Amino acid sequence: MSFASYLAGQLRQPKGFFGRLTVRILNRQNAGQNQATLDALDLRPDDWVLEVGFGGGDLIARMAPVVSRGSGSITGADFSQDMVALCAKRFASLVREDRLELHVASGDALPFEDESFTKACCVNTIYFWPDAAVQLAELQRVLRAGGRLVASFSPPATIERLPATKHGFTLYEPEEARRLYESVGFAGVEVIRGGGRRGEFVCVVGTKPG
Ligand SMILES: C[S@@+](CC[C@H](N)C(=O)[O-])C[C@H]1O[C@@H](n2cnc3c(N)ncnc32)[C@H](O)[C@@H]1O
């Protein structure tokens, strides 16, 4: 196995020591993208927000001060047991205060009732979804009417420079993501562009119709 394919596997589902190291690096590298996602969510103190694929938890750390000001809460779903264990330890006080719930779960079969959340988000996970329309429909199912979804990712021109993306990643142009959102019924879909030294990312924002 080449290093690029090993790294691709760790990015898809981080495990063990190398997985923990990888997400520590991602937490730093993706800080600007996570902040842009938080801004696009327009998170309010009373929101019930779901993040799918939270990895090392940088976005959880950014959302926590907002929901802690009101009656809101954060729920995370990640199919890596090691990421759930890592974030359960990192955010033990939020879990104790019932501000944060963490679940080992796959984005295409979320263990939540319909209309459980007012906001939902995912950052750098869309590349690993076997069927993006199924995952988006599942996110739509668990959102309330009027709820907002933000999916953030890097477009091909930025991310295909990384050798790991040749190993099982599916890359999306922002307009393809917009069409996918619309195909599952999200309304008012908007593409917000951002970036920095490491290249471009987008936040695709859509609303579940009321
Ligand atoms: C590349 S990491 C991104 C972590 C973090 N969001 C970031 O941008 O730094 C992808 C994360 O999504 C999770 N993941 C990938 N596909 C998933 C799926 N289908 N369901 C749930 N979690 C998934 C992985 O376990 C991993 O923690």
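Predicted model: local features only at pLDDT ≥ 70, side-chain atom pairs only at ≥ 80, totals over all residues.
**Exercise 1. Which residues touch the most other members of the largest nonpolar core, and which contacts does Leu139 make beyond four places in sequence?**

Solution. 
- Step 1: Start with the core. The largest nonpolar core has 35 residues. Leu50, Leu110, Leu139, Leu149, Phe153, Tyr181 and Val204 touch the most other members.
- Step 2: Trace the elements. Those that give two or more residues to this core are the strands β1 (48-52), β4 (117-123), β5 (143-153), β6 (187-196) and β7 (199-207), together with the helices α7 (132-142) and α9 (174-184).
- Step 3: Zoom in on Leu139. Beyond four places in sequence, Leu139 is in contact with Leu50, Val52, Leu110, Ala120, Trp129 and Leu149.
- Step 4: In soluble globular proteins, nonpolar side chains tend to be buried together.

**Exercise 2. Where does Cys87 lie, is Cys87 buried or exposed, and which residues does Cys87 touch beyond four places in sequence?**

Solution. 
- Step 1: Find the element. Cys87 belongs to helix α5, residues 81-90.
- Step 2: Check the accessibility. The relative accessible area of Cys87 is 0%. That is under 20%, so Cys87 is buried.
- Step 3: Name the partners. Beyond four places in sequence, Cys87 touches Phe54, Gly55, Gly56, Gly57 and Leu102.
- Step 4: Compare chain and space for one partner. Gly56 is 31 residues from Cys87 along the chain, and their C-alpha atoms are 6.6 Å apart.

**Exercise 3. How many residues surround the ligand, and which classes make up the shell?**

Solution. 
- Step 1: Count the shell. The ligand is surrounded by 23 residues. The closest are Asn30, Gly53, Asp78, Gly107 and Val123.
- Step 2: Sort by class. Eleven are nonpolar, ten polar and two charged.
- Step 3: Find polar backbone atoms by the ligand. One of Gly53 is 2.9 Å from a ligand nitrogen. A backbone N or O atom of Val123 is also 2.9 Å from a ligand nitrogen. For Arg12, a polar backbone atom lies 3.4 Å from a ligand oxygen.
- Step 4: Judge the cover. On its own, the ligand has 600 Å² of accessible area, and the protein covers 98% of it.

Definitions and conventions. Residues numbered from 1 in each chain as written. Heavy atoms only, no water. Near = heavy atom within 4 Å. Polar contact = N/O pair within 3.5 Å; in protein donor to acceptor, adjacent residues only side chain to side chain. Areas by Shrake-Rupley, 256 points an atom, 1.4 Å probe, with all protein chains shown as cover. Nonpolar A, V, L, I, M, F, W, Y, C, P; charged D, E, K, R; others polar. Core = buried A, V, L, I, M, F, W, Y, C linked by side-chain atoms within 4.5 Å. Buried < 20%, exposed > 50% of the residue type's maximum accessible area, 1.4 Å probe, protein only. Helix = DSSP H or I, 4+ residues; strand = E, 2+ residues; numbered from the N terminus. Contact = heavy atoms within 4.5 Å.
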